[in-house]
Amino acid sequence: MTGKKYDAYVRPFRNRPERVRKLKLLDTLLTASGYIIYPLILIFLIIKKDRRLKSFLLIPAVGFALVSLFRKKIDLPRPYEDPEIRTLSKREKKGQSFPSRHVYSYFVIAVLLTALFPLPGLMMLVLGGLLAWVRVVLGVHYPRDVAAGGILGLLTGLLAIMAIKR
């Protein structure tokens, strides 16, 4: 993404600190919701003595570890590291931008939730798209990072669901 293209994304937020603050808050709240919902899914499965517990726990964990190793190996820079891109958010972390683990995790959790409770799960999938958009607008990730994270998250979630149907 070029600086001009990024500027087109952020024009409604540039020089509006209140809007940027709200975007950062939205990023935090969406991320936190995933951290809350996933343990609730696992607790639900434990209480119900549901046989999906093992695959809903192990497959996302292995996927997360593989995504983490891959992004560390590839080590692509983040938008805020590019001097030609004036991002809305500056962070300390360097590299490891591709794929987005936040978006990956959110989509895995959304797919798992959809398998248990379709309507809330579908709503979470929509919120996953919003999280991806927010992370691009803030300049934490490039569009390719969140797209890859979302696709990998969907596939991992589907794999966890399909592992039970055998």
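Phe 70 counts as partly exposed because its relative accessibility is 39%, where partly exposed lies between buried (under 20% relative accessible area) and exposed (over 50%), with a 1.4 Å probe and protein chains only. The model is predicted, so that local features need pLDDT of at least 70 and side-chain atom pairs count only at pLDDT 80 or more, whereas totals for chains, interfaces and linings use all residues. Residues are numbered from 1 along each chain as its sequence is written, and side-chain values use heavy atoms, with hydrogens and water left out.

Phe 70 belongs to helix H3, which comprises residues 53-74; helices are DSSP runs (H or I, at least four residues) numbered from the N terminus. When neighbours within four places in sequence are set aside, Phe 70 contacts Phe 98 and Pro 99, contact being defined as heavy atoms within 4.5 Å. The C-alpha atoms of Phe 70 and Pro 99 are 8.4 Å apart, although 29 residues separate the two along the chain.

Just after H3, Asp 75 adopts a positive phi of about 50°.

Leu 152, located in helix H6, likewise counts as partly exposed, because its relative accessibility is 35%.

Definitions and conventions: Helix = DSSP H or I, 4+ residues; strand = E, 2+ residues; numbered from the N terminus.
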